[in-house]
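Me: I would like to go through this model by question and reply. Please keep to what the atoms show.

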Amino acid sequence: MRLPRLPSLPIVPTQRTAWLAAAAAPFALVIAATAPQAWMIAPAAAGALLLVVILDALLAGKVESWNISAPADAEVGEPTPITLRCAFRSGVRRQIEAALQFDPRLDEGGRAIVPLAASPDGVGFRGIHQARPNRRGTAQITHAWLRWTGPLGLGARQADRPIEREVRIWPDLSPVRSPELQTFLRDAQMGLIARRIRGEGTQFEALSEYEPGMDRRRIDWKASARHTKLYARENESERNNQIVFAFDCGQAMCEPVDGLPRIDRAVSAALTCAYVALKGGDRVALFGFAQRPEVITPFIRDARAFHRLQGAAAGLDYHSAEPNFTLALATLTARLKRRSLVVLFSDFTDLTAAELMVESVGRLVDKHLVLFVTIADSELEEFVAAEPGDLATLARSVTADTLARQRALVLSQLRRLGVDVIEAPWDQIGYRLIDRYFAIKRQEAIG
């Protein structure tokens with residue numbers, strides 16, 4: 001049962017008043033010990049201080065208006081400004097600050113203190129709290145308090161109000177918007193305009209006169225004999241490949257890395273690569289699972305429908321249970337009617353669960369090209385490299401080394417099955433994934 005919120009007092013003493021009263025307490029004890037007949041001085045002084053507190057708060061004036069604004073949409077891990085504005089009728093104020101209460105997924109702790117200063121436009125006062133969302137979903141700003149002190153800083157007035165404002169938290173798309181990615185796309189000749197990509201692939205496009213530096217295997221000897229010149233074949237890179245980004249939403253992927261869950265780091269990298277793939281003419285789908293399949297999207301063909309992938313990725317939930325790889329990958333295999341590139345984002349801490357994963361992935365490799373992506377565990381590497389200064393550090397280092405060896409063993413088993421593996425820090429997996437995607441395209445390994 002939720003208890004009703006108690007109303008805030010309109011006038012309260014400040015911390016300065018408390019320190020002043022604490023400093024005066026020894027003098028009251030001295031008076032009581034040396035001149036008991038003058039005991040009235042202490043309560044009179046306390047009454048005078050209370051009167052000063054009230055007068056100081058009244059001199060601060062009344063608030064005329066105050067409001068809170070926040071964007072309706074935010075991205076996980078990206079700064080999200082929450083702006084507070086207020087205006088006063090009259091009075092002299094020494095300090096103005098506000099407090100906010102909100103969903104913890106909007107910012108760590110679910111509370112924030114925001115100091116306010118004169119607004120740059122000269123109208124009232126303004127304060128901005130830069131929240132940093134740490135989980136996808138819908139977060140609410142539920143309550144706000146405003147407090148301002150008088151000119152002496154002894155008395156303060158305050159007001160509070162409930163807030164019903166929702167902020168939808170989406171996956172982080174800052175890598176997609178980055179200038180580095182746009183430059184990368186242009187350099188890779190899969191850029192912002194749709195055009196044929198010559199020189200690679202299996203589909204014949206045209207003949208061109210052979211020039212030094214070209215691959216000799218591209219020489220068309222029959223055409224060269226007819227024209228008495230060397231001619232090379234130019235092939236068009238194959239498009240319309242099917243790419244599935246599969247996400248393990250289980251317990252290991254919900255563990256944080258640098259302040260955000262691994263699943264959110266994976267989603268950001270996958271959407272970046274998906275944007276590149278759509279620009280390259282391929283078809284992209286998302287698949288999310290934990291104990292059972294949860295998110296299955298149809299294949300998207302056009303980059304203009306990229307927002308559908310973003311919306312589906314936002315629906316990937318967080319789970320504390322181990323994922324069921326057998327059910328999930330069997331479901332995915334049944335839905336795929338042709339050979340596809342399956343990019344599986346996962347992680348593991350238990351060797352037994354990892355063996356079940358390897359077994360399920362092995363069955364998937366028989367029909368599809370599988371790329372396994374996992375985020376390198378930087379904390380594990382730090383524990384292994386730590387100097388054994390005491391027994392606790394030594395035990396932690398030995399345990400971390402054992403886990404690292406087990407991890408390397410599982411990844412080597414995947415490679416032996418024919419699975420391509422990417423293991424990199426979270427801030428590198430996006431571009432490593434794009435590099436591998438281009439390499440697979442050049443090799444025509446999907447079709």
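Me: How many helices and strands does the secondary structure of the chain come to?
Reply: This is a predicted model, in which local features need pLDDT of at least 70, side-chain atom pairs count only at pLDDT 80 or more, and totals for chains, interfaces and linings use all residues. Residues are numbered from 1 along each chain as its sequence is written, and side-chain values use heavy atoms, with hydrogens and water left out. Helices (H or I, at least four residues) and strands (E, at least two) are DSSP runs, numbered from the N terminus. The chain comes to 12 helices and 19 strands.

Me: What percentage of the residues of the chain count as buried?
Reply: Buried means under 20% relative accessible area, exposed over 50%, and partly exposed in between (1.4 Å probe, protein chains only). The chain has 447 residues. The share that counts as buried is 44%.

Me: Which residues does phenylalanine 306 contact, leaving aside its neighbours within four places in sequence?
Reply: Contact means heavy atoms within 4.5 Å. Phenylalanine 306 is one of the residues with the most contacts inside the largest core. With neighbours within four places left aside, its contacts are Leu173, Val176, Leu271, Ala274, Tyr275 and Leu278.

Me: Within what arc do the buried residues of H8 fall, seen down its axis?
Reply: The buried residues of H8 (residues 325-335) are Phe325, Ala328, Leu329 and Leu332. The arc is that of the directions from the helix axis to the C-beta atoms. These buried residues line one face of the helix, because they fall within an arc of 85 degrees.

Me: What do the buried residues of H8 pack against, and which residue caps its N-terminal end?
Reply: The buried residues of H8 pack against strands S12 (242-248), S15 (283-289), S16 (293-296) and S17 (341-345), and against helix H9 (351-365). At the N-terminal end of H8, a side-chain oxygen of the capping residue lies 3.3 Å from the backbone nitrogen of threonine 326. The capping residue is asparagine 324.

Me: How many residues apart in sequence are the parts that lysine 441 and aspartate 282 tie together?
Reply: A salt bridge is a side-chain nitrogen of Lys or Arg within 4 Å of a carboxyl oxygen of Asp or Glu. Lysine 441 forms one with aspartate 282, the closest N and O atoms being 3.2 Å apart. Lysine 441 counts as buried at 4% relative accessibility, and aspartate 282 counts as buried at 0%. Lysine 441 lies in H12 and aspartate 282 in the loop between H6 and S15, so the parts tied together are 159 residues apart.

Me: Is arginine 304 buried or exposed?
Reply: Arginine 304 forms a salt bridge with aspartate 302, with the closest N and O atoms 2.6 Å apart. Aspartate 302 counts as partly exposed at 31% relative accessibility. Arginine 304 has a relative accessible area of 70%, so this residue is exposed.

Me: What separates arginine 363 and glutamate 359 in helix H9?
Reply: Arginine 363 forms a salt bridge with glutamate 359, the closest N and O atoms being 3.4 Å apart. Arginine 363 is partly exposed, with a relative accessible area of 43%. Because they are four residues apart in H9, the separation is about one helical turn.

Me: What phi does aspartate 258 have?
Reply: Aspartate 258 is found in the loop between S13 (256-257) and S14 (260-261). At 59% relative accessibility, aspartate 258 counts as exposed. Most residues other than glycine have a negative phi. Aspartate 258 is not a glycine, yet its phi is positive, at about 55 degrees.

Me: Which backbone oxygen does the side chain of arginine 161 reach?
Reply: Arginine 161 is found in strand S9 (residues 155-170) and counts as partly exposed at 31% relative accessibility. Leaving aside neighbours within four places in sequence, arginine 161 is in contact with Trp66, Asn67, His143 and Ala144. At 2.7 Å, its side chain reaches the backbone oxygen of tryptophan 66.

Definitions and conventions: A polar contact is a pair of N or O atoms within 3.5 Å; within protein, one must be able to donate a hydrogen and the other to accept it, and residues adjacent in sequence count only if both atoms are side-chain atoms. A nonpolar core is a set of buried Ala, Val, Leu, Ile, Met, Phe, Trp, Tyr and Cys residues joined through side-chain atoms within 4.5 Å.
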